[in-house]
Amino acid sequence: MKTIGLLCGASWPSSIEYYKLLNQMAQKHYGGFHSAKLILLNIDYHEIKQYYPDGWDKIPYVLKKELEKLNALNPDCILICNNTLHKAYDIIKDETALNMPLFHMVEITAQRAKERNLNNVLLLGTKFTMEDDFFINHLENKNLNVIVPTKQQREEIQSFQTSLAKGIMNSEIKEYFIKLINSFENIDAVVLGCTELPLAINQEDIKQTILNPLELQCQRAFEFAINK
């Protein structure tokens, strides 16, 4: 198995999901006591988070510095374990010399929705992700129709996402997202465009199709790692 490099810490509760999911994939594929070959670089998320939401002249270059550190450890591929930071990566990718592929979770998600003819998608995420155009543009470039929650709902989602990013999860949060998703009609899929949201809701909770960028990104990296 090739080695997967994870840029973690943004946030730490969702980074744990990457570690768990990739090891579960390795265990299922190889059996025995096998686990995934991983290199984890855990960033201090505050160094980036302090510049949200308007510091996009600084955020990409903080990310660039961390990617260069991970690149120097020579994994065979790289995952950025955060949706929003792919906006920053898009800004600096042409000036960031990586020696290996980086699997872009937003592009992977848009492609999967297109392949499955999931044309009307509800985008959930941080308030920034739902209001900015970086995730929406990737989806719309695949000719998908993107629905976003109302302003009040976006504020509510942000409040719950902040709790999840601190490791706080309870039944109220799960029930909120189930009710929210069920309030939207004529959607083909729900995009969990924030790595913390899968901590609150999964496919077992709702009948609508869930597109989980974290899971899709891990699947793509694992297939690469086993030469599939």
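Trainee: Why is Phe 160 called buried?

Mentor: In this predicted model, the relative accessible area of Phe 160 is 15%.

Trainee: Is Tyr 176 buried or exposed, and how do you know?

Mentor: Tyr 176 has a relative accessibility of 16%. The limit for a buried residue is under 20%, so Tyr 176 counts as buried.

Trainee: How many aromatic pairs does a search of the whole structure find?

Mentor: The search finds nine aromatic pairs.

Trainee: What makes the pair of Tyr 52 and Trp 56 stacked?

Mentor: The ring centres of Tyr 52 and Trp 56 are 6.1 Å apart, and their planes meet at 20 degrees. Centres within 6.5 Å make a pair, and planes under 30 degrees apart count as stacked; the two rings therefore form a stacked pair. Trp 56 counts as buried because its relative accessibility is 16%, with the cut-off at under 20%.

Trainee: Why is the pair of Phe 160 and Tyr 176 called tilted?

Mentor: For Phe 160 and Tyr 176, the distance from centre to centre is 4.8 Å and the angle between the planes is 45 degrees. Stacked requires under 30 degrees and edge-to-face over 60, so an angle of 45 degrees is classed as tilted. Phe 160 belongs to helix H8 (residues 151-165) and Tyr 176 to helix H9 (residues 171-182), so the pair ties together parts that are 16 residues apart in sequence.

Trainee: What makes Lys 87 a residue that lies over the face of Trp 56?

Mentor: Lys 87 lies 5.3 Å from the ring centre of Trp 56.

Trainee: Which residues touch the most other members of the largest nonpolar core?

Mentor: They are Ile 4, Leu 6, Tyr 18, Leu 22, Leu 79 and Cys 218, in a core of 39 residues. Several elements each supply at least two residues of this core, among them strand E1 (4-8), helix H1 (12-30) and helix H10 (213-225). H10 provides the largest share, seven residues. Tyr 18 has contacts that include Leu 6, Leu 79 and Cys 218, when residues up to four places away in sequence are not counted.

Trainee: How do you know that Lys 20 and Glu 17 form a salt bridge?

Mentor: The closest N and O atoms of Lys 20 and Glu 17 are 3.6 Å apart. A salt bridge requires such atoms within 4 Å, and the pair therefore qualifies. Both residues lie in helix H1, three residues apart, so about one helical turn separates them.

Trainee: What makes Lys 20 partly exposed?

Mentor: Its relative accessible area is 41%. Buried means under 20% and exposed over 50%, so Lys 20 falls in between.

Trainee: Where in the chain do Asp 205 and Lys 174 lie, and what makes their pair a salt bridge?

Mentor: The closest N and O atoms of Asp 205 and Lys 174 are 2.8 Å apart, and the limit is within 4 Å; the pair is therefore a salt bridge. Asp 205 is in the loop between E6 and strand E7 (209-211), and Lys 174 is in helix H9, 31 residues apart; the pair thus links distant parts of the chain. Asp 205, at 25% relative accessibility, counts as partly exposed.

Conventions: Residues numbered from 1 in each chain as written. Predicted model: local features only at pLDDT ≥ 70, side-chain atom pairs only at ≥ 80, totals over all residues. Heavy atoms only, no water. Phe/Tyr/Trp six-rings, centres within 6.5 Å; stacked < 30°, edge-to-face > 60°. Buried < 20%, exposed > 50% of the residue type's maximum accessible area, 1.4 Å probe, protein only. Helix = DSSP H or I, 4+ residues; strand = E, 2+ residues; numbered from the N terminus. Lys NZ or Arg CZ within 6 Å of the ring centre and 35° of its normal. Core = buried A, V, L, I, M, F, W, Y, C linked by side-chain atoms within 4.5 Å. Contact = heavy atoms within 4.5 Å. Salt bridge = Lys/Arg side-chain N within 4 Å of Asp/Glu carboxyl O.
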